[in-house]
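Trainee: Can we go through this one together? I have a few quick questions.
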Amino acid sequence: MRFEKFKAEGFGCLKGWESPDIDKGLVVVCGRNESGKSTLFKMAETIIYGFSPATAQKHSYVPWDSNYAQCGASLLLNGERYIIGRKLMSRPSAFLKIGDDDPMDIGNNSIPMVDHMPKEVFKEIYALTSDELNLPSQALWEKLKDQLLAGQYYSFIRPAGKVIEELEKEANSLWRPDRRGKPKSKLLNRELGRLRRELTASEENDKRLYELEAKLHQEKATLEELTDEKVKLTAYIDWCDKILPIENKKEQIERLMEEAGDDAPFDHIPSDVEDQLLSREKEIETLREKIKEAKLAIEEFDKKSKELTDVDVALCAHEDQIDKLVRFYGKTAEELDRREKLKGEIDNIQAILKRDGDELIIGGWKDIYMDPLKSIDEAKLRQKVSNYSDVKKEIEYKRAQVSALNVEDPSKLDRSKLMPSGAVFSALGIIGLFLKNTLVKFGGVLFLVAGIVSIVFGVATLEGERQRRELAQRADGDLKRLQNRLGEVQEDIHRCLQGIPLASVDEAYMGEAIIADVDRLKMHMEKLSALRMEYTYITHSIEEKIHTTDMLMSACMLEPAQDILANIDYLNKSLKVAKDRRYRKEEAEKKVKSHMASMEDMKDTLKKVEEERNTLLLNLEKFNGNTVEEKVQDLSRRRELYLKAQILTEQLEIEKSSLPSNCFDSYNKGYIGDREIDKNVLNFQELAHAKVRIEEIDRELNDLSASIGALESELEYGQGQKTAYQIKGEIEAVKKELDDVAYRRDRLMLLRNIIDKADRQFKDEHQPDVFSRAGEYLSIITGGKYTRIFISEEDGDQISILQRDNPYPIEVGETISRGTQEQIYLSLRLALMDHLDGEQPMPAFLDEVFINWDNIRIQNSMELIREIGRRRQVFIFTCHRWLVDLLSHNLDVQIIIMG
């Protein structure tokens with residue numbers, strides 16, 4: 001695969017850049033620092049594999065003054081040309097064109113030819129920079145050994161040796177055959193022993209808890225029996241203390257209710273009945289005075305409601321129409337003024353139209369020209385006038401051409417004499433050639449040449465004359481056709497003008513003046529038409545308003561005047577007076593209705609108050625006393641007696657509710673619990689025995705409560721410990737975890753052995769080829785000083801080299817010079833490229849790889865580079881001119897200058 005051309009519309013610092021055609025296997029890219037060399041390699045990688053990242057906002061090679069990146073290239077593969085173009089905006093796009101086929105869309109995917117080669121492999125193997133050749137320590141050689149020679153060709157895969165080491169470490173952390181360290185299996189066995197010891201203690205604790213629970217159950221049963229006995233005794237004592245006060249309250253309540261009377265508490269009579277009677281009397285007097293005042297006000301407002309006339313009613317009925325006329329008062333005045341102005345403007349425009357028409361039209365302006373003038377199509381007329389000008393110019397050109405072709409050039413030779421003269425000179429020349437005199441022969445040659453030239457020129461002149469006559473005839477025919485065309489265009493112009501005899505219509509020349517004259521007259525006519533239309537519209541509007549105003553004046557029974565504005569003003573003033581009178585009438589009617597309704601309400605209220613007063617007096621008749629005051633005093637006394645009875649009744653109910661639910665019922669029946677009692681005589685001996693027994697029960701309850709509390713605390717502490725069942729579960733979990741540890745350790749060791757075997761097998765298959773090629777390349781570079789590169793597994797996979805005439809290997813490390821280290825590394829990379837190539841070798845990119853080499857080994861590497869260039873395309877990047885000169889002197893290279 002070879003690149004033929006690069007093109008960057010915008011990629012990094014390359015903008016509008018295009019490389020020359022690349023036809024060499026070895027390409028040297030030279031330029032100053034930051035001139036675009038590294039950008040060119042990044043662009044080549046993007047062309048092959050696509051954009052990464054795939055958005056313009058994140059891609060570092062999008063030009064700073066643009067919002068997209070675009071690049072492309074032409075590739076040659078198996079004799080077929082591939083053209084690739086890629087563009088990155090909000091999303092990437094790309095096309096691939098193979099030979100003459102249509103382009104195909106490949107998105108942001110890599111081109112199909114490199115599907116066998118991942119992008120990471122291409123970057124790490126086929127692109128080599130001077131930084132990667134710099135080997136300051138053994139760590140980088142370890143990277144080479146593990147990542148490039150042991151099967152992991154790119155940096156994102158971890159080395160097999162590292163994986164094997166980690167697997168062994170993880171397996172040892174789970175189980176070890178010796179007693180060293182603290183593997184997980186050892187810790188789990190310790191945990192298992194501890195749990196077994198806890199199980200024994202837990203079983204003893206469970207036995208002791210069972211005994212404590214039995215004792216606690218027994219003491220709680222005793223406590224419940226004592227509590228029941230105390231409850232019964234307490235109920236008996238309470239009964240004795242509460243029943244007698246209840247009986248005394250019942251007798252007192254009966255006595256108070258008898259004295260208060262059967263109708264107490266007299267809820268139908270107000271508590272302030274005396275005040276209410278006095279209030280009713282005052283209210284009755286006030287209502288009678290207000291009724292008289294309302295009758296007088298109704299009579300007064302009834303007079304005011306009769307001031308509204310018939311004219312006022314008519315004006316108010318047409319209020320909306322009058323208001324509408326008043327709102328348009330100013331507009332009506334403006335329309336009157338505008339109509340007068342329009343009349344003057346119309347007269348002025350008519351005079352201007354008459355004046356310009358007399359000037360522009362033959363025979364002067366006539367009104368019959370208005371309709372034809374309006375129907376003139378100015379665009380069509382302009383086109384016809386333009387056609388006329390074009391035809392006129394063509395006629396003038398053809399006339400000049402005909403004149404030029406018909407005039408002969410007097411300076412020309414007489415064409416009729418050229419051919420006879422040529423024949424004479426030719427005959428003399430032929431005769432002179434047959435004479436023996438040398439001078440005469442020379443003259444004969446001259447005469448013969450002159451004769452031949454005259455004959456040829458004469459023939460050519462006759463042919464030119466014939467062509468001139470033919471051109472003159474064609475030009476004359478074209479001139480006649482153009483003249484006919486001119487007449488047709490003139491007729492078209494006359495038809496466009498609709499028969500209007502404009503003075504500017506000249507048969508000799510019809511120019512732009514015709515269009516200007518038509519525009520001038522049509523402009524006057526359009527303005528006149530617009531003014532007349534406006535005048536008609538305003539006149540119609542004014543006449544409608546006059547008619548409306550007159551109709552309103554008649555409907556309102558008013559005499560109209562000649563001036564419409566005066567009529568509108570008169571209607572407005574009359575309407576204001578009528579509305580004022582209507583308002584006064586409406587207000588008077590409202591007040592009459594209000595007073596009528598108020599008077600009726602007052603009459604109803606008066607009747608109601610009188611009835612209430614009579615009812616109060618009737619309710620007081622049953623009480624003792626000769627006056628109202630005495631009857632009220634008797635009512636208050638009876639209410640107080642009833643209130644005392646109610647208070648005692650509430651107290652009695654409260655005391656009853658404080659007793660046990662069946663205490664009062666048992667008393668009524670003669671029993672409390674299972675004890676027979678005498679309701680009239682208290683049993684004081686039984687009461688004293690009950691109180692002594694309660695004290696004994698209290699002491700026993702206190703002792704039992706303390707004992708139960710201690711037992712519960714001991715049980716709570718014992719139950720907080722793990723049970724034997726729980727510990728057995730933990731033991732089973734630890735055993736299962738031990739089994740898992742053994743399984744995981746066996747599995748890890750199996751994986752370790754599989755990876756170790758696969759790693760060694762891969763090395764045996766691939767390392768010989770890579771190291772064989774690398775040794776050949778190193779031998780060429782060093783002039784045969786170092787002949788072989790290999791890895792000694794006995795020394796920990798150390799990379800070594802073999803020197804000529806020295807049977808002992810030399811380890812590659814700090815003792816080897818920097819230049820030699822770079823040459824060893826380059827040889828290995830080139831060998832790895834050859835090993836990884838498929839059917840088509842990939843291009844190689846070398847950036848400043850020779851800067852630390854001496855001249856001899858640079859010269860030795862020329863042959864190597866030449867050989868590599870035959871198999872693959874090689875791009876050598878440098879900023880040193882001396883290296884460019886050296887490469888171009890020794891190799892067939894193509895040079896691309898950047899910047």
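Trainee: How many aromatic pairs does a search of the whole structure find?
Mentor: The search gives 13 aromatic pairs. Keep in mind that this is a predicted model.
Trainee: What about Phe41 and Phe845, how do their rings sit?
Mentor: Their ring centres are 5.0 Å apart and the planes stand at 65 degrees, so the pair counts as edge-to-face. The cut-off for that class is over 60 degrees.
Trainee: Which parts of the chain does the pair link?
Mentor: Distant ones: Phe41 is in helix H1 (residues 37-49) and Phe845 is in strand S14, 804 residues apart.
Trainee: Which elements each supply at least two residues of its lining?
Mentor: Helix H21 (818-836), strand S14 (844-847) and helix H22 (855-871). H22 gives the largest share, with 4 residues.
Trainee: And what is the lining like, nonpolar, polar or charged?
Mentor: It divides into 9 nonpolar residues, 1 polar and no charged. Among the lining residues are Leu826, Leu830, Phe850, Ser861 and Val874.
Trainee: Now the outside. Which residues form a nonpolar patch on the surface?
Mentor: Val424, Leu428 and Ile431 do, and together they have about 270 Å² of accessible area.
Trainee: Where does Val424 lie?
Mentor: In helix H13, which covers residues 415-434.

Notes
Residues numbered from 1 in each chain as written. Predicted model: local features only at pLDDT ≥ 70, side-chain atom pairs only at ≥ 80, totals over all residues. Heavy atoms only, no water. Patch = residues over 30% accessible without salt bridge, like charges linked within 9 Å, V, L, I, M, F, W, Y side chains within 5 Å. Areas by Shrake-Rupley, 256 points an atom, 1.4 Å probe, with all protein chains shown as cover. Salt bridge = Lys/Arg side-chain N within 4 Å of Asp/Glu carboxyl O. 1 Å grid on protein atoms, 1.4 Å probe; cavity = no way out; pocket = protein on both sides within 12 Å on 5 of 7 lines; lining within 4 Å. Nonpolar A, V, L, I, M, F, W, Y, C, P; charged D, E, K, R; others polar. Phe/Tyr/Trp six-rings, centres within 6.5 Å; stacked < 30°, edge-to-face > 60°.
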